Amino acid sequence: MTRLVLGPIQRHPDVSRVTVWVETDLACEVVIAVPSRTVDGGATVDGSGSALGSVGRIAGRARTFEVAGHHYAVVVAGGLVPGEPVAYEVWLMGTAEPAPTSPVRVWPAPGAPPSLLRPVGEDQPVRMVFGSCRVTAPQERPYTLNADDDRQGLGTDALHALALDLPGRDPSTWPGALLLLGDQVYADHVSPRTAERIRARRDVTASPGEEIADFEEYTWLYQEAWSQPEIRWLLSTVPTAMIFDDHDVRDDWNISAAWRVQIRTEPWWDARITGGIMAYWLYQHLGNLSPQERDRDPVHRAVVAAGTPGASSSSSSDGPDGTDGPGPSAEDLLRAFARRVDAGADRAGADPDVRSGASASEHGGADLDGPAGADGVADERAVRWSFRWDLGRTRLVVIDSRAARVVAADGTRAMVDAAEWAWVRDQTDHTGEVDHLLLGTSVPYLLSPLIHNVEAANEQVAAGRWGRRAAAAAERLRQALDLEHWAAFGASFDAMTDLLRAVSAGERGPAPASVVVLSGDVHHAYLARADLSRVGPGNPGVPVWQAVCSPFRNPLGPWVRRVDALSRRAPAAAVSGALARLAGVPRRAIRWRVTDGPWFDSQLAMLELAGRTARLTLSKTEPDGTPGGLTPVLVTDLTPRP
């Protein structure tokens, strides 16, 4: 019998539709059913004439497609009422010949709370939980203890605590969106269970050891991370947006050109990077897109067609002898795509559209008109990982600050390539329909002054400002200390500053009530406020904030707290600023200060956006490993109260 391997995971919502992602063990049709709204209350039937139990309407259905022996479906559940949650069920119907099998209900899980589809309310308040960095491990001791108490301790999982908390609350108070800002999985820090599977599969005395090696092992990583019962329920009922960061592939991924040169000498790297990008595309990226964006995406169309038995597409092509023959498999298509994506970081002089997927139409996916490469997928615009969600009068623009980087051998460095950055700018344009603008980026834009100055100076020295020996030492320091945030990409930092000034001054449309940059990565949480009054023309009177929340689960040791405390002292900031000037870092007109924090616990943050008001709440988990329990440590308004 066909079974559900992973999911359902609720992804992109709009006012009448919600995307639901699943993985199954066999090819099948996936059906999303909701209570019937028919007058007579009769059950709706599937295509074979079988009723789906007492549940009424089929809200959406889709056949699975197969990649390397794994089966996925992205189902759009439609006909929903704006802002009105509705319980749903997942049914699987086998597609085996000669006749389909009867549908089987596979969700909700026995004893679990109902899962609710959560369409966007056009004018309703928005509650968004966000954070990053979640190492997978059992939800039990010793793993729930802090590292100070046990060497295996990873802290209490904040997402697990949230999942335990929600069923006891009124669903009207639940978050309407969950933003995962990177390191959803750790390919270089696997759980004991995954390590055991790796050891049974291959020789771990050879590199990469007990790290993830290829696509197959990536599927294990995602399945374990998202299959724990409470986490699985949480993802099934809260629409979730995601963007990757370095540990989704490997620590320091795309930190510099020197790093890329070195990593490519490793014989295992090609399988690791292609497997990581393939898995990200399947498990994270597809659900970020609206149905229209997926429909326009040539990679999606080609992979689904090649992976669906009997589908007509470019998966059939001329064979070697000129006759019709099988084309590349979905796995082949996706692997070739992953290699093109990875190569984009090296292309300083190339047309930036090669990788970005920038499009003049709406805010959609890749251009469909570019010429196809040998693998049957359009070469010119492989992907744009950045994406936008409109949640009522709140706009969320999530910026890919990892795979969209340019770290070319000629010294070109950009956090986001030119075409993708042009797309980001375009998404901030509006005509008054946006009350709050949220910019998500996995790595922080504003750091403490000392760390900012160190990263900015390091970029200059590593580029050769003080000679070749100093450059080599600066590169070693960059990789050792992870000096790779927006401050380490000076031109991109300036571009972000200019964009924030223009938005807050009302140059991209009527000024929103608040502008908040959401980030993670740094394994602590804090709130900073930017002063843009001296950056350029206009009157940027709208509050501009940087809200950082990390980790969900993976606190760092006490030495980080000591370094952070030092970095926030005024003398350290002054001295580091002077050294940065000596290294050639220009003075910048922007000023900022950390208003609250830092906190170093396992934690999550929630934004509440209602009308023209915004409130941020930061909550930490209980420190003793007790499941459940989220304690607020910060509740603050980001906009003046009327």
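In what order do the strands of the open sheet of six strands stand? In this predicted model, the order is β13-β12-β11-β25-β26-β27. The pairing in this sheet is mixed. β13 (240-242) and β27 (630-637) stand at the edges. Each of these two has a single partner strand, so one side of each lacks a neighbour in the sheet. Direction ignored, neighbouring strands are turned against each other by 20 degrees on average.

Strand β11 (residues 126-131) and strand β12 (residues 177-180) run parallel. Four bridges join them. Within this pair, V129 has L178 of β12 as its bridge partner. Strand β25 (residues 603-610) and β26, by contrast, run antiparallel, and eight bridges join them. Here L607 stands opposite L616 in β26. The two strands form a hairpin with two residues between them. G611 lies in that turn and has a positive phi of about 60 degrees.

T621 has L630 of β27 as its bridge partner.

P632 and L618 are 14 residues apart in sequence. In space, their C-alpha atoms are 5.6 Å apart. With neighbours within four places in sequence left aside, P632 is in contact with T617, L618 and S619.

A second open sheet has four strands, in the order β4-β3-β8-β9. Its pairing is antiparallel. The edges are β4 (57-63) and β9 (104-107). Each edge strand has a single partner, so one side of each is left without a neighbour in the sheet. The twist averages 30 degrees from one strand to the next. Strand β8 (residues 89-94) pairs with β9 in the antiparallel sense, over three bridges. In this pair, V90 stands opposite W107 of β9.

Two helix contacts were examined next. Helix α1 (residues 158-165) and helix α4 (residues 229-237) have axes that come within 9 Å. These axes cross at roughly 70 degrees. On the α1 side, the contact is made by L159, H160, L162, A163 and L164. On the α4 side, E230, I231, W233 and L234 take part. By class, this contact has seven nonpolar residues, one polar residue and one charged residue.

Which residues meet where helix α8 contacts helix α9? V299, A302, V303 and A306 in α8 meet A330, L333, L334 and F337 in α9. The axes of α8 (residues 298-306) and α9 (residues 330-343) come within 8 Å and cross at roughly 155 degrees. An angle over 145 degrees counts as roughly antiparallel, and therefore α8 is roughly antiparallel to α9. By class, the contact of α8 with α9 has eight nonpolar residues, with no polar and no charged ones.

H452 was considered on its own. This residue is found in helix α12 (residues 449-462). Is H452 buried or exposed? Its relative accessible area is 6%. Buried means under 20%, so H452 counts as buried. Apart from neighbours within four places in sequence, H452 is in contact with L447, A487, F493, R588 and W592. H452 and A580 are 128 residues apart in sequence, yet their C-alpha atoms are 9.5 Å apart in space.

The protein chain averages a pLDDT of 87, and 87% of the residues score at least 70. Over residues 38-51 the pLDDT is below 50. Beyond near neighbours in sequence, this stretch has 22 contacts in the model. Residues 350-381 also have a pLDDT below 50. That stretch has 87 contacts in the model, again beyond near neighbours in sequence.

How values were computed. Residues numbered from 1 in each chain as written. Predicted model: local features only at pLDDT ≥ 70, side-chain atom pairs only at ≥ 80, totals over all residues. Heavy atoms only, no water. Axes fitted to C-alpha atoms, helices over the stretch in contact; angles between N-to-C directions. Contact = heavy atoms within 4.5 Å. Nonpolar A, V, L, I, M, F, W, Y, C, P; charged D, E, K, R; others polar. Pairing = 2+ DSSP bridges. pLDDT = per-residue confidence, 0-100. Parallel < 35°, antiparallel > 145°, perpendicular 65-115°, else oblique. Buried < 20%, exposed > 50% of the residue type's maximum accessible area, 1.4 Å probe, protein only.
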